[in-house]
Amino acid sequence: CLHFAVRDTGIGIPAQALERIFRSFEQVDASTTRRYGGSGLGLAISRRLCELMGGKMWVESEEGVGSTFHFTVELKVEPDTALPHRRSPQPLLAGKRLLVVDEDASSRELILRTARRWGMLAQEATWPDAHRRLRAGDRFDVAVVDLKATSGDSRVAELGVPVVGLGPLGYLHDGETRRFAGWLTRPVRTSQLFEALSTTLPAEAAAGPARAARTPVGTPVSDPPAGSLRVLVAEDHPVNQRVAVLLLEKLGHRADVVADGTEVIQALERFRYDLVLMDMQMPEMDGLEASRVINRRWPDERPRIVAVTANAIAGDREECLAAGMDDYLSKPFSLDELAETLARCPRPGVPHP
């Protein structure tokens, strides 16, 4: 039996809400402009999983101090599996020189520790120091570079080595990823790191043409076919973001991701989107208010707005339409339901009605 404790130093949870947060679709703050997002399902699902595994989950919290979530699970002791990334050292990676540029200390330490366990000669550097060292003649086989560390610097291609980009989920679908040979999203998983490094190394360093021929993890797909939609996904929950993006990609459409209504407006100031999948409940500015702002600022040329909500209660649809939204999807939605909704959106080049 293993006992885990996850502690934070946040705002804490009121005593009367400690048990309620484990119920489905329940949150401490249920307003549509709540500061902290989520669907109200994560803790309910987690507790149920713990119970199915012979354990339990509970929380201790003090307002203004923080919270500690506890869970226990009963697990069998298994021999190490044959998964490639579990082996140490790694024949494909052993002896290869890795440069890690990452401002996040815990992420950087994970990458360095894992790579060294695989037998790599891994070193860390700041973004300016990386350029200085490479100009001075230091040689590396591959580099992992955090986008935040580069601060928009366009000199990534000047490193002279294959570069695996590291950033948040939304950047995976941004045109900026074309500058990288591979891609990692936070939080970094060991299996993804192994795949990214082993497929990004040059052919002569990757132990054979079969390995070298594989597509690097996260490499952007070719330009989408004519008539595909440029979609903005407005959703504050990372899992829901990923599901929406995957479904859109399966239907042949491009997608960018933002986490609240304010970011929706900022995105529309930079790019022209065909459609916005607008979650109703988001922090700072909710979907209803964001839709009103869009209609005021772009009354004639604006994207089609599809409301997305988990509430699915009487009056929701009417409230969305009154705020200037064009359509409505209830969570969780299927691929077919999404396809039907997108089919009602004018194709690129066709004026919005």
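Helices α8 and α9 are roughly parallel to each other, a label that covers angles under 35 degrees, and their axes, which are lines fitted to C-alpha atoms over the stretch in contact, with angles running from 0 to 180 degrees between N-to-C directions, cross at roughly 25° and come within 9 Å. In this predicted model, local features need pLDDT of at least 70 and side-chain atom pairs count only at pLDDT 80 or more, while totals for chains, interfaces and linings use all residues. Residues are numbered from 1 along each chain, and side-chain values use heavy atoms, without hydrogens or water.

Helix α8 spans residues 261–270 and helix α9 residues 287–297, with helices taken as DSSP runs (H or I, at least four residues) numbered from the N terminus. α8 passes α9 in a right-handed crossing, that is, with the near helix turned clockwise from the far one by less than a right angle. Gly261, Val264, Ile265, Leu268 and Glu269 of α8 meet Ala290, Val293, Ile294 and Arg297 of α9, contact being heavy atoms within 4.5 Å. These residues divide into 6 nonpolar, 1 polar and 2 charged, where Ala, Val, Leu, Ile, Met, Phe, Trp, Tyr, Cys and Pro count as nonpolar, Asp, Glu, Lys and Arg as charged, and the others, Gly among them, as polar.

Now the second pair. Helix α7 (residues 238–250) packs on helix α11 (residues 335–343) at about 65°, with the axes 10 Å apart, and α7 is therefore roughly perpendicular to α11 (65 to 115 degrees). α7 also passes α11 in a right-handed crossing, and the contact joins Leu247, Leu248 and Lys250 of α7 to Leu335, Leu338 and Leu342 of α11, giving 5 nonpolar residues, no polar and 1 charged.

Note on methods. Helices (H or I, at least four residues) and strands (E, at least two) are DSSP runs, numbered from the N terminus. Angles under 35 degrees count as roughly parallel, over 145 as roughly antiparallel, 65 to 115 as roughly perpendicular and the rest as oblique.
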